[in-house]
Amino acid sequence: MLGDSDILDEEAQLPQDLEDDLVQEVLKTGTDLRQYSTQIEKELQEVENKSIQDYIKESENIASLHNQIAACDNILEQMESMLLGFQSDLGSISEEILYLQRKSITMSQQLTNRQVIRGPLNQFIEDMTVSESLIAGIMDSPVTEKEFVTNLETLNYKINFVKEQSFKDAKSCNDVKDILEKLKIKAMTKIRTYLLEQIYKFRKPMTNFQVPQNNMLKYKLFFEFILSNERNIAEEICGEYIDTMSKIYYSYFKSYCSRLKKLQFDESPSKDDLMGVEDTASRGLFHKSHLKHRGTVFSIGARGEVLSSQLESPIIVPHTASKTKYHYEALFRSEQYALVDNGCREYLFLTEFFKVRGAQALDIFNQVMGKTISLLLKNLQSFVDDSYDAIALFLCLHLVMRYQLMCHKRAVPALDKYWDNMTSVIWPRFEYVFRLNIQSIKDCDPMKFSRETSPHYITRRYAEFSAAMIGVSEGFPCEGATQLLAELREAVQCFLLRMAAVFPQRTHQLVFLINNYDLVLGVLMERTRDNSKEAESFKEQLNARSAEYVEEILSPHFGGIIQLVKESEVLLEKGQMEDLKRQEGKALALVQSFTNNWKRALEEINRDVVRSFPSLLLGTSLVQRAMTQLVQYYHRFHKILPANVRPQLTNIHHIMVEIKKYKTNY
């Protein structure tokens, strides 16, 4: 019985069957399906029978084929077995290859590790081993032989190496520690003996201690070895050197300074040798017996060469210069240059040989040179306390500045404190003496001097002294000295004005001032740069006084013309022409007077000027200035004259020709 689902399937199948070509043909022809089914079954039976017959006919072939297939199957089975065996063999080979590969990698790593460790291990063994040649070199070779120095370097390296390895608990250190210790003791004993022998050589009289110092520097490795291995011995050697050299330097400089002192001039400036003290034969340094050195109190002369050509000259040798006398600054220069030379060399030796730097180097240097430095400071203080030689003090002050700079160029800071102490000793005394000179000028009474218009002796002293101070300070400015010079300049200018007031006539006052200003300016321009404050100040004063003097000497001869020109120009400027016309009569009289007297007036002016000024150059320059001023007034006079009066004036060409007669050829 068909279920509902089967019926539904058949119904669903039915439209598909209808689409078949055969079914379509049957439907078209209207064939009986039962008959057609019987026919089909019959045909199928026939085909089946034919097929059976064909199989029977081919039975032998089929059996043969079956046998062949079975044989092939056996062959394939054998091949499968063989391939499985081969596969098994390949698996074994692959495992063996992997094993060999891992073993090869392991062996390669072992080789690499051994190659890496071989170098350090060889070096370690070499560093740790104490050779027979090393022992023989330390024990038997003299310390000055190259073999000993080479073996000492090797020994020092091995000692440090063993120390380093002992911290790492290396067992091999115990094998060589004792022998290295014995070699170290032997080496230090020989080195200590040698270095002490070198130090003792300094103590021999007349020894050039640079020689043993140079010998010690050749073997500075010796002290390095002792310092790194036995600090007590190093301190002993250093202490012995300090004690020896301290005494040597002190003895040398004490003897040298003592012998130099004998070469100083017997006479020296005193408190009476001040700028404002009256120049008389009865006073100290100005006594006739001292005249040959008198100029050096306020003028520098050749003394300034200690700061230039003599600054680095060889020191003075007392026994070869026993017949020569020197100013104090020359002896001071020699002492300080000797100290610079020895001190710089000593400091560099200490830092190089004893391996010290900074504060430690300064401490050792002060121990070596301390007594010597104190001696030099004491000697300077002894001179300064009684010195009234401002130029010597100022030169010494600048010598200190220059030698301090020299030490810095040599990279030696050890003497800085010494230079500061020297400055603190010199400067107060220099300032004190300088102010004494200023005060001496302020205290001068103009009334006690003779009334001469020539340059005053105080002016001469000031000119020389200020030129010396300015010349020394060039390149090394000193603010304190600049201030003192300004005070001195003001005191001198005030003194000159007080001196000028003594003269009753204004012309004589101006002559006196011009002579003095010209003297100061001439000295300053000759010996210093022309841009100093002193030169500028006196140049202004000289120009102002010269202009006033020219007016004064023109006034007696041409005063009427000068006054008329000034008055008329004022009237002309205000436009007061009527008042200007009233001046015509006066102008005509002045023209007549000028025409009659101008040549004689020029001669008198020239004669008076030249007679008033000792300096021919100054006198002639003032004459030319007066002539030039006259020509200017004459031109202005010509402009204000009425047209009918102008022809009566002397031709300006004649005046210029006459003026040229008074023009100098230099």
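**Exercise 1.** At what angle do helix α17 (residues 506–527) and helix α18 (residues 533–574) pack, and how far apart are their axes?

*Solution.* Start with the source. This is a predicted model, in which local features need pLDDT of at least 70, side-chain atom pairs count only at pLDDT 80 or more, and totals for chains, interfaces and linings use all residues. Residues are numbered from 1 along each chain as its sequence is written, and side-chain values use heavy atoms, without hydrogens and water.

Step 1. Know the terms. Helices (H or I, at least four residues) are DSSP runs, numbered from the N terminus. Axes are lines fitted to C-alpha atoms, for helices over the stretch in contact, and angles run from 0 to 180 degrees between N-to-C directions.

Step 2. Read off the values. The angle between α17 and α18 is about 150°, and the axes are 9 Å apart.

Step 3. Classify. That makes α17 roughly antiparallel to α18. Angles over 145 degrees get this label; under 35 is roughly parallel, 65 to 115 roughly perpendicular, and the rest oblique.

Step 4. α17 and α18 cross in a left-handed way. Left-handed means that the near helix is turned anticlockwise from the far one by less than a right angle; right-handed means clockwise.

Step 5. Sort the contact residues. In the contact of α17 with α18, 13 are nonpolar, three polar and seven charged. Here Ala, Val, Leu, Ile, Met, Phe, Trp, Tyr, Cys and Pro count as nonpolar, Asp, Glu, Lys and Arg as charged, and the others, Gly among them, as polar.

**Exercise 2.** Describe how α14 packs with α16.

*Solution.* Step 1. Helix α14 (residues 416–442) and helix α16 (residues 479–500) pack at about 10°, with axes 9 Å apart.

Step 1. α14 is therefore roughly parallel to α16.

Step 2. Find the contact (heavy atoms within 4.5 Å). Among the residues that make it are Trp427, Phe430 and Phe434 of α14, and Leu484, Leu488 and Phe495 of α16.

Step 3. The contact of α14 with α16 divides into twelve nonpolar, one polar and five charged residues.

**Exercise 3.** Which residues of α20 meet which residues of α22?

*Solution.* Step 1. Helix α20 (residues 584–612) and helix α22 (residues 652–660) have axes that come within 10 Å and cross at roughly 15°. So α20 and α22 are roughly parallel to each other. Their crossing is right-handed.

Step 1. From α20 come Phe594, Trp598, Lys599 and Leu602; they meet His654, Ile655, Glu658 and Ile659 in α22.

Step 2. Five residues of the contact of α20 with α22 are nonpolar, one is polar and two are charged.

**Exercise 4.** How many aromatic pairs does the structure hold? Describe two of them.

*Solution.* Step 1. The structure holds 33 aromatic pairs. Rings of Phe, Tyr and Trp (its six-membered ring) pair if their centres lie within 6.5 Å; planes under 30 degrees apart count as stacked, over 60 as edge-to-face and the rest as tilted.

Step 1. Tyrosine 194 and phenylalanine 222 are edge-to-face, at 5.9 Å centre to centre and 85° between the planes. Tyrosine 194 lies in helix α7 (residues 173–201) and phenylalanine 222 in helix α9 (residues 220–229), so the pair ties together parts 28 residues apart in sequence.

Step 2. Check burial. Buried means under 20% relative accessible area, exposed over 50%, partly exposed in between (1.4 Å probe, protein chains only). Tyrosine 194 is buried at 9%. Phenylalanine 222 is buried at 0%.

Step 3. Tyrosine 328 and phenylalanine 383 are stacked, at 3.5 Å centre to centre and 10° between the planes.

Note on methods
Helices (H or I, at least four residues) and strands (E, at least two) are DSSP runs, numbered from the N terminus.
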